[in-house]
Structures are given as C-alpha cells and as structure tokens.
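Me: I would like to go through this model with you in questions and answers. Please give the conventions along the way.

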Amino acid sequence: MKSTRFVVLIIALIPMIFLTGCETNMVVFEPQGPVARTITDLINWSLAWMLLVVVVVFSLFGYIVWKYRERPDNMDYEPPEEHGSTVLEIIWTAIPILIVIALTIPTVQALYDLEEVPEGYEDKEPITIHVTAADWKWIFSYPEQGIETVNYANIPEDTPIHFKLTSASTMQSFWIPALGGQKYAMAKMETEMYLVADNPGSYVGKNSNFNGRGYAGMEFEVLAQTHEDFNQWITDVKETAPELTEEEYEELLKPTHLGRLTYANTHLEWVDHANMHSKTYTNPELYRYHGYQGKTFEEEDNYRNKETNLEHNGHHSDEDDEHEGHGGEHDGH
Amino acid sequence: MGIKWDEFFITGDPLILGAQISIALTMIGIVFGLTYLKKWNWLWTEWITTVDHKRIGIMYIISAVLMFFRGGVDGLLMKAQTSRPEMEFLSSQHYNEIFTTHGVIMILFMAMPFLIGLMNVVVPLQIGARDVAFPQLNALSFWLFFSGAMLFNISFVIGGSPDAGWTSYFPLAGKEFSPSIANNYYAIALQIAGIGTLMTGINFIVTILKMRTKGMTLMRMPMFTWTTLITSVIIIAAFPIFTVALALMTFDRLFGTHFFTVSGGGMDMLWANLFWLWGHPEVYIVALPAFGIFSEVIATFSRKSLFGYKSMVYAIVGIALLSMLVWVHHFYTMGSGPAVNSFFSITTMLIAVPTGIKMFNWLFTMRKGRIKMTTAMLWSLAFVPCFTIGGVTGVMLAMGAADYQYHNTLFLVAHFHYVLIPGVVFAVFAGLYYWWPKMFGHLLNEKLGKWHFWLFVIGFNVTFMPMFFLGLSGAARRTYTFSAESGFAPLFLLSAMGSIVLAAGFAVFCYNIYWSLRYADRNISSDPWDARTLEWATATPVQHYNFAKLPEVKSLDAFWFMKKNNEGLTLKDSEIEEIHMPSNSGQPFIMCVLFGISGFFLVFEWSIAAAVAALGIFAGLIYRSFDYNDGYHIPVDEVRETELSWRNKKGEAHKHVS
Ligand code: HEM
Ligand SMILES: [Cu+2]
C-alpha cells in the first residue's frame, strides 16, 4: 500500500538527516581535556546501546506493519484471540533492565570521577579561579595571583583548574563544552568543579541557563596557554592593569553587556557572593523595560543600605562558618 | 490605585499591534455574528450552562485547538527568528516572552485540555455511565481552565507577557529581576487553571471507581479508562505541589516575602525542586492518557485485543510511581553531589523499563493482526518510531554525568519535542480522528487526514531532528540568536523549513474540520470502525443520556464480544425507563468570570479590588452550598423515540462479527 511505502521512506530519511548533521563539528564529540573526555566516552557507550534499541524496535516495527497490513487479498483473515505471552513479556522486561544496568555502572562511576581532580593530574598543583556570574557577564577572580578578568579567562594547559562558582544575580550555568560539562552558579552559595585543558587553544564558554534579556550575549573565551605564556600574562596584568574599586565594581554588576576587562586585584577583598550572609546586589529599577510596572520591595541586606548591617562581611570570619545552614555541596565556602 | 494607562496596553511592536487589531476584530465579529444569527440564547442554554460531559469535552477540545494555534504561531515565530544568524525579526525580550508563552500554552492549555476533553467525551461512555460523578463540578473545572487560559492569553496585549521561561525559575522570575507585572500572569493564571485540573482529577477518580456499569471490574476496563484513572491519581498527587509553589511565588512577587529571592535568605533552589516535583509528573499526566488512546486505536485497527493487558496496567502504575521519584534529573547540574545524582539517574532510567514493555505490547498487538491504515491508525503507527527516538534520547539525558553536556541545550529541546509531539499530539490527533463520529455524527475526511498526517509527521522530523545535532554542537536553548561563526546556520535553516511543512499539516487539519463539518456524510453507522469498547455500543453522535439501558459487561473488549455473541445489542420496549439527569447550571460560568476578574486585579496588584471580586467567589460558593436542584427526569416516551430513531437505521449494530 502507498502509505506503508511512505513509512519506509520516513525511516530511510532519518539516518540521512543524521549524516548531514555530522558535517557540523559537534563539540561534545571533540573533547579537549580529560573531564570532557570522560563524558564523551560515557556518551559513546550509551549511543551504542541506544542504537541497538533503535535498530531492534524499528526492524520489528517495519516487519510487523509490513507483514500484517490489510490487503485486498487478506480481507477475510480474522486475527486470532490472543492475550499475551508470559515468556515474551519477561524477555522484554529483563533485557531493558540489563541495558539500564549496563548504563548505570559507568554513569555512577563518571558522576563520582567528575567531582574529583581528573585522574593523572592529582599531583599537579591546581589553580583556583572564583567565577562570579552577573547580569550579563562573567567575572573571573584569581585569588592566588591577585587578578580579576571579565568575560575571558586565561588558564595554563595541563593544569587542573578548580572553578568555584557563584552568582551575584540570577541562576546561571557555567559551561565550556570543549573542556567539560556545566554546573550552575547560584547567588549566596558555591558550587565547584575541576577542568583541565590538554593543549593551548581558545575555547568558547557560555551561560546555558536562561537569565533574561541579555542572556544570549553571555559568552566568554577560555584561552589555554603554555605555562610560560600564562605566567607572562599574570606579570603583565599586575604591571599594567588598573585596580578595581568597590564603586566601579557596583557599577559593573548592573545589568549590562561589557567587553573584556582586566584588573590587578579581586573583588573578593570586599565581597564574596558565595557567602550566604553577603549583601544582595540587586537593582530592580534597572530591569523596568517591559510591560506594566509592579511594585518592588526595599531589602535590608541590599548593598545600597550602607547604614544597616555595617559589621564586616568578610568571607573568612568564624561567625559565618557557624551560620552556614545549608550543608553538603552547597555550602558557603 | 493609580492606574498607569500608558503602560496598560503593550505598544510599539507591529506584530503585537497586528494581534491587538485582529483580536478586536474577531471579538466584534463574534458578537455581531451571534446577534445577527440570534444565537445568544442557544450559546447560553446549549453550551455555556451545559453539564453534559460530552459537550464539556467538546468545549475543552475546541479551546485546545485554538491554543494549539496560538502556541504553534509562537513556535513558528521562534523558528523564523532563528532561521538565519543575527536575525532581527524578534528582539531578545520578545523572543523570551514567546518561548515562555509557547511552553506554558502548549503544555497547560493545549496538551492537558485536549486530553481532558477526550477523557470527558469518552470515559463515561467506556465505563457505561450516564455522566461523570459530579457533572456540575466538571463544568466548573472546564470554566476555571478557560478562565486561567484567557487570563494568560491576554498578557501579551495587556500588561506584558511572562518572560522567565515556562519553568519560571527564581530569582529571575522574582521582583528583583522582573519588576513588571508580567510574571504575575504566570502565577495567577496557572493557579486558577490548576484548581480546575485538580477538580477534574478528583471527579474522574470517583467516576471511574464508583460509576462503572454492571460487570465491569477494574481488570475489564478499557486501557484508556485505566490511563485516565492513573492520570487522575497523579494529578491529585502532583497539582497541590504546584498550587503551593505558585502561592509562594505570588507572595514573593506581590507582598515581598522571601521564599525564593536572593535577598532575605530566600532559596531559589526550592522553587526548582517544587516546580519539578510537579513538572515531571505533569509530563506523565499528558503522556499516560495518550498511551491509552494509542492502545484503543491499535487494538481496534488490528482487530485484536491488546497484547499483555495486565502488564500494560502494571506498567502504567509503575510509571506513575516512578514519575514522582525523578524530578532532580532536571537539575543534575545544581551540584547536589554524586550520590543524589546517581540515585535520580537510576530512577529515571528505570522508567524506560515499563515504557519499553508498553512499546513491545503495542507491537505484538499488531502482530498477527490485520492492520487497517486509517488516519487514526497512521498516527499510532508513526508514534512508535518517533517516540522511540524521544525515549532513547531520554535515557541518554537520564545519565547524570552525560547530562552535564546536554543540559539546557537544543538537544534537550529536541528530546522533549520528540516525546511530547509523538506522545501527545499524535495521540490527540489519533483520538480525534477515531472518536470524532462519537461527538459529531460524521467522520473526518480520511483523504485530507492523510495529507494532514504526512505533512505533519515529515515536518515534525525535519524541524526537530536537526536540533539534536545543534545541541551537541553547543547551541544553548532559549537563545534568540546566534553568530555566523558558530556554524549553526545550516541546521537552523533546515529546522525552520521543517516547521513550515509542520504548519502546512496543521492547516490541512483545520481545513479538514471545516470540510467535514460541512460536507461529510451524516449517514454512518453507530460503529463505523468495527470497534471493541462500550462507547460504540450506543448512538453516534451520542444521545445526551448516553445509554437507554446500561450495558452489562462480561469481558474485556465488551462491545466486541457483544457483537460476536450477538447479545445485549437490542433494546426491548419493556426495558425503557425514565432517566434521571442533572440540570444545566450557569454557576460555573459565573465563577469563571469572577475568578477571571479577581485574577486580573491581582495580576495588576490592585489588592483591594481583587479582594472585593473575591467576595463574589465566596458568595458563589455559599450559594452553591444551598443549591438543592436535584436534576430532572427524561420521560419514557422521549427515550423511546430517541432510541428508535437510531436503532432502526440501515446497517445498525445488530450485525455481529464473525
Ligand atoms: C507545533 C510545533 C512546535 C514548534 C515549531 C515548536 C518550537 C519550539 C521552539 C523553537 C522552542 C524554543 C527553543 C528554544 O529557543 O529554547 C520550543 C520550546 C518549547 N516547546 Fe515547542 N514547538 C512546537 C510544539 C510544541 C508542543 C506540542 C509542545 C508541548 C506539548 C511544546 C512544548 C515546548 C516547551 C515546554 C518548550 C520550552 C519553553 C521554554 O523554554 O520555557 N512545543 N518549542
Ligand atoms: Cu522530568
């Protein structure tokens, strides 16, 4: 019948689309570091199994629909009464369970591995970079080097980078697909992850969690350099870059698109947004660009209320450590 | 309260101006048309005040088709905007509003009401009942859904569309980052519609548990009734969570509380958890009834009973239980730690097991059958391969560590469209082609149906298949544009072209409805598909009391065996009795208006006005408590006349299958 031929056609079409798709470079399949590689291996493993499932279901489907379709010559065929088959049903329960097990083991393994410094890099001294997401920019603070950048980050190759993520505003997702998976950056808490770049090169990073009007522009560049180049860059920045002041920083956190900026100090000197008792840097008035305006609320812990909450909110006082209510991975430090 | 009239209507965008003008013209047209044709009275007595489950079902379906149109236009606008790099068709703000309303409308105001509409039409008939357990409550459910849907839909012309995504994540959706009232529409319209849905859930559980006809044990219920029952249970389990979450959101936005805010110790992660505690079960609320529809259609057109009926029932119960235990898979990337992510990876992947069981049971229902390629069956057939792709990519996403790379990309968007479109849209189309005669007394045109089918299915695959690859190339979802250097352009263009074919399919569908309403043959038998379940054991279209004599059920696929054994098909004159039916009521509609007004004031943060309108709601509740109207009786003569008129037609269901 005509319609059945169409079904076959459709099924034939699908791999064709697959093939055209493969021409674009799929960054997920071209990992540039051990973390991304762990994930790519897992994805490839799952793809093999999924392909198996697709092949089995599609062939069974094609065979059954073709064989038992109504034709002029089988109009007097009356299908049998049939209610099921315990054996068959056990088979198609058991096999999926086995597949799930085959997928679970490496998944759990990978989930644990991805929390640690990647294998083989344990004895390399990691570099810590505090990442602060803001509307609509990324701020990178290098506390050990004492410098800060906006919308780009340079890292040394072959070195585990310990990213500590937080946000000064909305919930965002920090993602450098060539180097590894993503993780959320959230205000007043800290998440962390390790990434390593195999080789010098430039990689695209972005926010993948929607956060308003300027979301699409939240890309940044990660430049992996040789150790010499990286050290040279640090020295240059320390010599030439300006100092960031608190006022400038407050200006910087307003909802804007900025190009690249570089400073010879870090904002961690006066605020760490990962601290759950840190001030709130919100400016509702700057988001009034759409529709009928509703009321907004004064907040005591807002940074503009200089009078209240005067005691020092440094990020290493003992008092803070006692107050960290939400434990686990989300803690303030 | 100082109304800011200059901000009241959305101005400055030609697209929106066009929409405003067309809305105004349509409204004027409707009012004028109804007046000219003197149809106001008909509209009020036959439709607005009806408590008949079939008519309520039809109203749900009409609303859903309209919402599909609105949501589909949103989808096309997005596809147009991303068809080329650096397009400037929509601004980023406009794009954000559009994907937000698209997501909300498609899930809550298209998929849900479409399925609830079919449930309303079919389930009482399938269990041999004369109506649902609480007919007036059923009307109220519909009108609350309608009120919420209309409130949500006016947002883009009055006050501003919500723009924080259908997930409305905090803190973005809070006043700190969205000070306009736009997101109030989300909190309040969904709350109103949600109350209606919750009542639907209660109504159907009671209906199915208490009103089955004689002999219909639970294990003899048709599969669509089973899925409706389990869906209703999930509704009751999940919707209260959403109700609470939306209430907290309302407090945060209207009264300055700090549940989810950045300041004052709010916890944005709490919103994400509450949202998905409802949101994941929600996808099964729409998927399960769809599975029920496919089960009915596949069995009928293969001329076989459903393979592995019992395991199908266990599978849906299993899916329902698991659906409550997987919500964290929507935010593996929140950093909850490997143990939590492992747990939720496993529970999520386990859902594949019962789903696989169902898939194989459908395939084996067709095996040894005689597969008739009607339009309804074609939708069910296309479902199998398309949903398989959605399913396997779902398993890939379920693997926590791999999801770190797929999360928030177009890979995810492709995946859930591959689940929702075959799983829900194909199903409601199948159901519509299949049950259309039950509602309107004629078939939909099969030839146009096939055009609809092929255009839609091909368009769907071409639109969404490229998105998998875009996602793997690093394209994040919800981005309104992309650069030429990204290399995304060819696949985006292909996808946009696919959506035109998809839209053409939908247009043929609308034309088919129009054509069939006008020209289709009205002289059809009450059982045009040679079907298996009780909804076909009565007139087509169904008389308002459903069954003159409630049928007796002796087995699964009751009607099939009634035909086969030639018993219970005829009606003796002595068996005709008076029939007790519920009276129509205008109260549900009045409540709809009151909820709408009150909600509208609340959206605009005019609390006092909202409170005054809310007094009207309470007055309505009190009035209803003292309402002792007990319905009315249809006299024997009228029943006899109605029954004779369809039973004596040529080729009626006295025939039996061999
Ligand atoms: C009719 C054809 C459809 C088209 C062309 C379409 C297209 C799209 C597009 C382009 C997006 C946004 C992608 C992005 O930028 O992130 C989207 C998102 C979405 N779609 Fe569809 N879609 C269609 C049907 C459906 C249906 C039937 C449903 C549900 C039953 C649905 C549910 C959603 C949801 C929930 C979102 C996410 C919204 C959000 O990000 O907040 N869509 N769709
Ligand atoms: Cu889910």
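Me: Is Thr197(B) buried or exposed?
Reply: The relative accessibility of Thr197(B) is 9%, where buried means under 20% relative accessible area, exposed over 50% and partly exposed in between, with a 1.4 Å probe and protein chains only. This is a predicted model, in which local features need pLDDT of at least 70, side-chain atom pairs count only at pLDDT 80 or more, and totals for chains, interfaces and linings use all residues. Because its value is 9%, Thr197(B) counts as buried.

Me: Which residues is Thr197(B) in contact with, leaving aside its neighbours within four places in sequence?
Reply: Thr197(B) has its place in helix H7 (residues 182–210) of chain B, helices being DSSP runs of H or I with at least four residues, numbered from the N terminus. With contact meaning heavy atoms within 4.5 Å, and sequence neighbours within four places left aside, the partners are Met112(B), Ile116(B), Ile235(B) and Phe239(B).

Me: Which helix gives the most to the shell around ligand 1?
Reply: Helix H4 (53–81), helix H5 (92–126) and helix H15 (410–440) of chain B each supply at least two residues of that shell. The helix that gives the most, with seven residues, is H5(B).

Me: How far is an oxygen atom of ligand 1 from an N or O atom in the side chain of Arg478(B)?
Reply: Residues are numbered from 1 along each chain as its sequence is written, chains are lettered from A and ligands numbered from 1 in the order in which they are written, and side-chain values use heavy atoms, with hydrogens and water left out. Arg478(B) is among the residues that come nearest to ligand 1, and the distance asked for is 2.7 Å.

Conventions: Near = heavy atom within 4 Å. Polar contact = N/O pair within 3.5 Å; in protein donor to acceptor, adjacent residues only side chain to side chain.
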